[in-house]
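This report describes one predicted model, with attention to how its chains pair and how far its coordinates can be read. The sequence and structure come first.

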Amino acid sequence: MSTKKAVKQTGRKKAATSAKVRAPVRKKPGSPISVTDEIDFMTRAWMMELEAVERYSTLADAMEEHNNPEVTELFRKLSRIEQLHADQILEEHLSKRPPVLPPGGIRWDAGEEGPETADPGELHYRMQPYHALQIALACEQRACQFFTKIARSAKNTAVRKAAREMAAEEAEHVQLVEDWLKRTPKPDPDWDHDPDPPVQSD
Amino acid sequence: MHDKVKAQGGRGVSIALAGSGGAGVMTAGNMLLKAAAQAGWYGLMVRTSGPQIRGGEAAALLRISAEPVECLDDRFDLVIAIDWQNIHRFADELPLDAGSLMVGDPDQGNPPEVLTQRGTRLAQVPIKKMAKAIPGSWPNMIMLGIAAALVGLPLDAVKSVVEAAYGKKKKELLTPNLAAVEAGFASAQTLPAVPQLAAVEPTQTPRWLLTGNQAAGYGALRGGVRFVAGYPITPATEVLEWLSPALTKVGGTLLQAEDELASINMIIGASFGGVPSLTVTAGPGLALMAEALGLAVAAEVPVVVLDVMRGGPSTGIPAKSEQSDVSIALFGLHGDAPHLVIAPNSIADCLGATQWAVHLAEAMQSPAIVLSDQFFGQTQAVVDRPADMHFIGERAKASAPTEAYKRYALTESGVSPMSIPGTPGGAYTADGLTHNERGVPSSQAADHLAQLDKRERKLLRHDYGDYWAEIDGQGEIAVITFGSCTGPVRDALARAAADGIKVRLVSMRLLAPAQPERLSEALRGVKKVLVVEQNHSGQFHRYLRADFDLPGEVRSLRHPGPLPIHAEEIYRKITEWSLM
Amino acid sequence: MSTASVAAAPITAAAFKSAYKPIWCPGCGDYSVLSSITKAFAMLDLRPENVAVVSGIGCSSRIPAYTTCYGFHGVHGRALAAGTGLKVARPDLTVLVAGGDGDGYSIGGNHFLHACRRNVDLTYIVMDNHVYGMTKGQPSPTTEPDWESKLSPGGTGLRTFHPLVVALASGANFIARTFAGDPNGTAQIIADAIRTPGFSFVEILSPCVTLRPEQRGWKEQAHPASVATTSDPAKAARYLMTDDGFNIGVLYKGNRKPYQPPMGKGTKRVADLEAEFSI
């Protein structure tokens, strides 16, 4: 992620030493989960969207608190878009039996978050809309891969069909964000420039 | 002069029982006091000892009287020593004169010169040999018998105390030790006379025998304290030891903390949870608690800190009394941090003052520091049962908070109803950061000022009533004092009164917030003010000078511990000054 | 996830999130930790008014106000003491103590030892970023010896503190490490910690992207522990002593009885106590 690379190293610690390479805790995209039927599948798809809604909203709050109105607005917009997706799933597939969210949210696999949920660790207070869209693109791509996998591996035919539809939908979203990125100015070379040191608080 | 004053019943007789490790002088002293109490006398007993945990030199200092006594006398009528080892270390605390009598064991050598130089009479009794002659008995029981006989305490009263001590659990010890008491009592018949106790009738009104540390602990419970955290420290530990089982009986709990930083933060946490809470410490611990007391001020969490003062600074003289934590108690917090400072003025008042402190802390959601001291804390006294007081801790609580709940609402009284965890809709974050009315951190000037104003206002607008000070007498001379100096001041004023000198007494119970108008009222017409305190730098005197308007000429009478301020020096100062 | 804890009207994580926007830097791991805490509370079907979040001072210690629970933001290093007092006085509440590595392992180190030893039924989470954030980047007890800062040019040269080993040696009943970048996994472990009686300690690797930007690389380093949770302290000690600092999981779960000092039943009236003073 470009936000990461561009951050100046304030500490000169050598790259942390890790003797052996192991599987990282956070895997992307989220592994498929065992899905029983179409309703179950759509419920999870709906929850995935809701989780994304909430996360974008949190990210917008963080940017708002850090006086970055452009990116704040962008995350708010992304949150609204995901809400529309969630509503659409509810209306088209789950209207007969409105699902109930499990407390604490859904468990994807090995404790992971939903594939479409943005990682708050990717934020930077000086980030520009382009960066935010890169985050959104990665989310849509993960969602697309997630559904594609289920479309291939699910045992239930109806689930496979629904997953194909969802994958196509997400592919469309990927395309939309890509177009959006094209219309968005690339970040300034010194986008993260801040001549002042961090502030002392408590 | 002494003889003249001694004739007054109130002065009573003063006895010191001394000896080194294993002599059992404290046990003998306790029994003597208990016997006197049961027979109808008042009295008190101060323990003094070397730094050794076991085996050190020790003395029980008693004053027994037909009238209530609140301090030791200036001198001793009688010193009985089982041995004289290292007793010179207490010489300052054993003022003797030609009228005093020393009783020693000839086999244990002679008393040190520092005790004999004032011409004090010496009588010899072979205490250890006498005890040896009665197998199973101890020298301190011989000593007890001698003391009782010399001051005119009935033998039966002493025997019944010995019976109560050994009669049930250690029956084999009873007979020989009763015999020892009798032998000591008989041996005293040939000794030189010392003043006898004035006759009393067994009392009809209830009396208590307790220490100031116990009284303070009981006062805390009466005020409503149900959670205590504390770290052991001399001379305050006994409060915790008394409270531990007592709390269990009344539905509370006590936690031994890892240090004083933990104690104070634990009680702040518990009080945040709605449970009236207290900790107990001495100067070094109070210093460690200063930061968190600021938190209690800012977050408006009521807590009570009982500081049993000892000689300072630093480790100082841990087991001896001094009133030298006045400044830290008043001014030791960082920032503008108004809080309550309360000082009991007698051993019995350790109960009332602590109970009042709990009441005030809860009413104003403020920390309160109670300044007791080692003299109050560790002295056992016979007192009239203190009158019941209506003061209990009652906190203004938000009963049905809504979305709009403001924990730190700017009320007229300055007190804002507090929501207690568990109350739906009232969640807020208690914060040491400057905050607005809702408790949200703020660095805005207006919020800071508003909250500082409110916290000051709630302390200043409270009606403290007459309980803020003990005010006695009339006259153009006034003595202002606090805490354990009140006893000697009262004694001195009684002597002055006998000489026809009228002196006013103001013993301040509420040290902070300052009540300058009330003090001015109490001092109306006064032309000379004497400030009495037991510390080196005159901390109380400086405070009075800074925050109050004192009329006429002001003088300071003070010295540090471990020596108590004696009635005699106050009396002398007053009589001298009254002639000028 | 415990299905038994799902009540008829399950509460959502959002119900535990307050309206206040965190002051944390965008990218800070603490955002995820906040999300994990709220999820854990929801998983356990708690109610905000019955939960107290207690903290000291530091970036992460700002967390109480970001929840809808009762919050206590006290002084630096004393969160465990305040939390202990609260829990002992109010055993009916769920108490979560939270803070950073400086607050918990340096200024609050003594309370950490004794909280582990005392084993009061509360959960302590430390958002460890190996640095003092609010004072702009001084080394903390968990900072690597060669990490340079203005205060420690050339690095401290000091051995890093091992909180999990210290917790084990001091008697903590539940010891886990999680990574902030795995909010759901962290939520599961926090829920487990709260559910487990006694003192539960959860060390959360929570990157500081401002002062330790290289910690963005933690997501590649964190990995599930290669051993299952043990109740054998000797086994846990051996594993933790050779730990690389990035093992994620519940590493020790004992069965010590939680400490609650005798809470009297109140069989006596206060006035009854004065009998012992009567002559």
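Strands here are DSSP runs of E with at least two residues, helices are runs of H or I with at least four, and both are numbered from the N terminus. Two strands count as paired if DSSP finds at least two bridges between them. Within this pairing, T429(B) has G71(C) in β2(C) as its bridge partner.

The sheet is open and has 9 strands with mixed pairing, in the order β15(B)-β2(C)-β1(C)-β3(C)-β4(C)-β6(C)-β5(C)-β8(C)-β7(C). β15 of chain B and β7 (223–224) of chain C stand at the edges with a single partner strand each, so one side of each has no neighbour in the sheet. Further in, strand β3 (residues 94–100) and strand β4 (residues 123–128) of chain C are paired parallel through 5 bridges. In that pair, L96(C) is opposite T123(C) of β4(C). In general, strands of a sheet pair through backbone hydrogen bonds, either parallel or antiparallel.

## Conventions

Residues are numbered from 1 along each chain as its sequence is written, while chains are lettered from A and ligands numbered from 1 in the order in which they are written. Because the model is predicted, local features need pLDDT of at least 70 and side-chain atom pairs count only at pLDDT 80 or more, whereas totals for chains, interfaces and linings use all residues; side-chain values use heavy atoms, with hydrogens and water left out.

## The interface of chains B and C

The size of an interface is often given as the accessible area lost when the parts come together. Chain B and chain C bury about 4,300 Å² between them, and 64% of this is on carbon and sulfur atoms; the figure is the accessible area (1.4 Å probe) lost on putting the two parts together, summed over both. Contact (heavy atoms within 4.5 Å) involves 58 residues of chain B and 47 residues of chain C.

There are 3 salt bridges between chain B and chain C, a salt bridge being a side-chain nitrogen of Lys or Arg within 4 Å of a carboxyl oxygen of Asp or Glu. R222(B) forms a salt bridge with E274(C), with 3.6 Å between the closest N and O atoms. On the chain B side, residues are supplied, at least two from each element, by elements including α2 (25–38), α8 (212–223), α9 (237–250) and β15 (429–431). The largest share, 8 residues, comes from α10(B). This side has 32 nonpolar, 16 polar and 10 charged residues; the nonpolar class is Ala, Val, Leu, Ile, Met, Phe, Trp, Tyr, Cys and Pro, the charged class is Asp, Glu, Lys and Arg, and the others, Gly among them, are polar.

Most residues other than glycine have a negative phi, and most peptide bonds are trans. The bond from T234(B) to P235(B) is cis, with omega near 5 degrees, and P235(B) is in the loop between β8 (227–230) and α9 of chain B. G561(B) and P562(B) are also joined by a cis peptide bond, with omega about 0 degrees; P562(B) is in the loop between β21 (553–558) and α19 (567–579) of chain B.

In chain A, N67(A) has a positive phi near 55 degrees and is in the loop between α2 and α3. Over all chains the structure holds 51 salt bridges. One of them joins the side chains of R76(A) and E64(A), at 2.5 Å from N to O. R76(A) belongs to helix α3 (residues 69–93) and E64(A) to helix α2 (residues 38–65), 12 residues apart.

## Confidence

The model scores ipTM 0.96 and pTM 0.93. pLDDT is the predictor's confidence in each residue, from 0 to 100. Its mean is 95 for chain B, where 98% of residues reach 70 or more, and residues 1–8 of chain B are below 50. Chain C averages 93, with 96% of residues scoring at least 70.

Chain A averages 82, and 80% of its residues score at least 70. Residues 1–32 of chain A stay under 50, and the model has 75 contacts beyond four places in sequence for them. Where pLDDT is low, the predicted coordinates should not be read in detail.
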